[in-house]
Amino acid sequence: MKTKNIPALIIILFLSQTVLHAQQGVIQGRVYNVNNNAPVEFASIAIYGTSVGSISDLDGNFVFTGLEPGYVELRVSSVGFESYVSEAIQVTNAKKVFLDIPLVEANVELEEVVVKASTFRNIEESPVSLQRISIEEIEKSPGGNRDISKVIQSYPGVASTPAQRNDVIVRGGGPSENTFYLDGIEIPNINHFATQGASGGPIGIINADFLREVNLYTGAFPANKGNALSSVIELYQVDGNKDKLNFRGSVGASDLALTLNGPIGENTTYVLSYRRSYLQFLFKLLELPFLPKYNDYQFKVKTRLNEKNELSLVSIGSYDNNNLNLDANETEDQKFILGYLPESFQWSYAIGAVWKHYGDRGYDTWVASRNYLHNESLKYKNNIMQEDFLTLDYNSDEIENKFRYEHTSRYKGGLKVNYGANFEYAKFYAKNFNKLYVNSQPITLDTESAFDLFKWGLFGQVSKELLKERMVLSFGLRTDANNYNEHMQNMINQLSPRLSASYQLTTGWYLNFNMGRFYQEPAYTTMGFKSEEGIMVNQPNLKYIRSDHVVAGLEWLPEKESKISLEGFYKKYSNYPFSLVDSISLASKGADYSLYGAEPVESVAKGRAFGAEFLYRNRDLFGSNLTISYTLVRSETLPRKESLTDLGWIPTTWDNVHLLNIYGFREFKGNWRLGFKWRFVGGQPYTPFDVYTTSLVDYWDVTGFPAPDYNQYNQERYKPFHQLDLRVDKEWYLSRITINLYVDIQNVYNYKTTTNTFLVQELDANGDPIIVNPGDPAELQRYSMKELQSTGGTVLPTIGVIIEF
């Protein structure tokens, strides 16, 4: 099937109109008790907004047939259980939808609990700072390119950058402060061309065809989620089709994706996908100076061993190359980028097994996983590939082997208990040849570093409903340790308590609160850094990074489909690694394509972030879906550099102050959909360049990039950034095929962002750099420099096709 042949495809679509409704959609599922996996019989299942309903049988099974294709939600209720609202489900003619629905036993016997069921459900441990994102929002988000890292930027507290990177920046925290879970397996990052030591990259690895729902925690992390300071992102994947083999193919802005799913025997299903980019061809056509190419895979196999045991095997991986386009060497912009950007090669994978065993009152979860990141960077001065011109040759491996056990039980009286333990064995290796300019002189690092690391942790959380379910209290405790040094080995030093409370003031009104202390291990690149003398200088005194959170909020659920919330937050940081090279906290680093944390540090930096968030979500506002979020955020650090200490608290790189997002879409007759997203991001602080240091021949020859003037650290600020994205979808539900054709336009009104004014060499008539003082000693010689104004932002249209059969 040639999905790229758009004209031929359109002809086929029009010729096929006579079979558009030859078959209708089917939902088949099972309702079960979340405690013990027992079937819930005689549960009432209704499709919201229709008169269509069903009743589960003695085995908890139900089925809907003859459904109109599109997105639907199921509302489920049963005597003795809390009501349940499903995530959005896409119904098509191409395949059956299989859905397992978990019900929680109610704290009231012999009668159905009178609780207003809502799509915006919270959990006991996290009554604040939790957003649930459906596959409908991920698939159709304007400007999101079906990339979860971009989609979450529409929600409170999450910032975006004009550079169009996927750095996850939450409530003023840095991009290294996040943790990701895929069906219960912890994965190190979710982006291609990832910044080692942080979370960012330009393009997401996660294939949206796999996703069922995403939970975004911007605070109030449950005790079973560790090693995070700013956010925890849980990604849940669909199960394979139990009925027959299905195919889904998509052509988007940057890649081709193919997905297969189906049964393996009676009790086992699988989902498998592969994506390959064609960005390198587009970039070469556009004469861009770099040519990125990426590949990724994803698979999930799930088997139901018996009524009490389930086993899932999950894996994800990537293979990335970024080569320089030396033919694109005409403009000053092109020459500048070619001068400093290295070529890179990176591959990664994560694989794990999740076994869930159900008992009478709860279930055990056993998780074993392994992840691997290999990263290489190579740079030659003037891109002359000779040994004498080599300035960077970096080769690194990060390997983690993880094991986690959890037990979860629910008891009568509204008591929930979760506890468990984790153990990890990690290995790090780095061979680093790097020419640098440190302390006013050029140096050469030529080191090889390797270490093994054992980690362990314990956690537990107890939640209780009180006052006839009007109040919920939850207390959790966690502690982690490793054998890197004596301080980190003591579990008392990383004791991490947390407390949540939620009180229902009246019907639909809730007062919510959380406070907690959270720890995160420093990056492996920091732990394994070696000095010129070959010593791991950070090992003796490095500590876990600490962040204390306080969050309070008011929530109103006026209707089943709407939510209004207001939250205030305060985060206090300590023990942050402080660079002994730049005299700044590493909290402001990590949003570029170089390494994060590979430098000498001390765990002494302090910081804070505070602000307020407003959220309005309505999934049925006169037939439209609308989300409005506004965040007022300040992110600050306490400087230690003498030239800045008199200023007191100064802004970090993530101090955007204002974040505003307005996102919505509406469906029209004939399966048309129009969506829009408008965002406003306050100006980001930046550090001006040191003109004198930049011009030094010794400096420029080893870096090729302007030197920041850290005596004026973050004392300048970019102009605010705003952008409008539009997306139009048209879907055809044929008898055996579903086709989705979409047009996505980013930056519709072509807003131009203003970035820093760069400094570049002035060249003579022969194309050679001009030295202004050739008679001075070599260490004092300087290049003649000039300013290069850089702007970003352009209209970016995309036509995409998704075919499923």
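This briefing walks through some strands, one arginine, a surface patch and the salt bridges of the structure above.

What you're looking at is a predicted model, so local features need pLDDT of at least 70, side-chain atom pairs count only at pLDDT 80 or more, and totals for chains, interfaces and linings use all residues. Residues are numbered from 1 along each chain as its sequence is written, and side-chain values use heavy atoms, with hydrogens and water left out.

- A word on terms: helices (H or I, at least four residues) and strands (E, at least two) are DSSP runs, numbered from the N terminus.
- Two strands count as paired if DSSP finds at least two bridges between them.
- On one side, β23 pairs with strand β22 (residues 290-306) in the antiparallel sense, over 16 bridges.
- β22 and β23 make a hairpin, with two residues between them.
- Tyrosine 319 has tryptophan 347 in β24 as its bridge partner.

**Strands β1 and β9**

- Strand β9 (residues 97-103) has two faces: Val97, Leu99, Ile101 and Leu103 are on the covered one, while Phe98, Asp100 and Pro102 are on the uncovered one.
- Strand β1 (residues 25-33) runs parallel to β9, and seven bridges join them.
- In β9, aspartate 100 is the bridge partner of arginine 30.

**A four-strand open sheet**

- Going across this open sheet, the order is β3-β2-β6-β7, with antiparallel pairing.
- β3 (53-55) and β7 (84-85) are the edge strands, each pairing on one side only.
- Strand β2 (residues 44-47) pairs with β3 over three bridges, in the antiparallel sense.
- Serine 44 has isoleucine 55 in β3 as its bridge partner.

**Arginine 410**

- You'll find arginine 410 in strand β26 (residues 390-411).
- Arginine 410 has a relative accessible area of 16%, so it counts as buried.
- Its side chain makes a polar contact of 2.8 Å with the side chain of glutamate 124 (that is a pair of N or O atoms within 3.5 Å; within protein, one must be able to donate a hydrogen and the other to accept it, and residues adjacent in sequence count only if both atoms are side-chain atoms).
- Setting aside neighbours within four places in sequence, arginine 410 is in contact (heavy atoms within 4.5 Å) with residues including Val34, Val104, Arg361 and Lys416.

**Salt bridges**

- The whole structure has 49 salt bridges (a side-chain nitrogen of Lys or Arg within 4 Å of a carboxyl oxygen of Asp or Glu).
- One of them joins glutamate 105 and arginine 361, whose closest N and O atoms are 3.4 Å apart.
- Glutamate 105 lies in the loop between β9 and β10 (130-134) and arginine 361 in the loop between β24 and β25, so this pair ties together parts that are 256 residues apart in sequence.
- Both ends are partly exposed: glutamate 105 has a relative accessible area of 22%, and arginine 361 is at 27%.
- Another salt bridge pairs glutamate 125 with lysine 416, with the closest N and O atoms 3.1 Å apart.
- Because glutamate 125 sits in the loop between β9 and β10 and lysine 416 in strand β27 (residues 415-438), the pair ties together parts 291 residues apart in sequence.
- Here both ends are buried, glutamate 125 at 7% relative accessibility and lysine 416 at 12%.
- Arginine 717 forms a salt bridge with aspartate 655, and the closest N and O atoms are 2.9 Å apart.
- Arginine 717 is in strand β40 (residues 716-717), and aspartate 655 is in the loop between β36 (650-651) and β37 (657-668), so the link spans 62 residues in sequence.
- Arginine 717 is partly exposed, at 36% relative accessible area, whereas aspartate 655 is buried, at 0%.
- Salt bridges with shared partners also join Glu73, Arg75, Glu136, Glu561, Arg619, Glu667 and Arg673 into one network.

Definitions and conventions. Buried means under 20% relative accessible area, exposed over 50%, partly exposed in between (1.4 Å probe, protein chains only).
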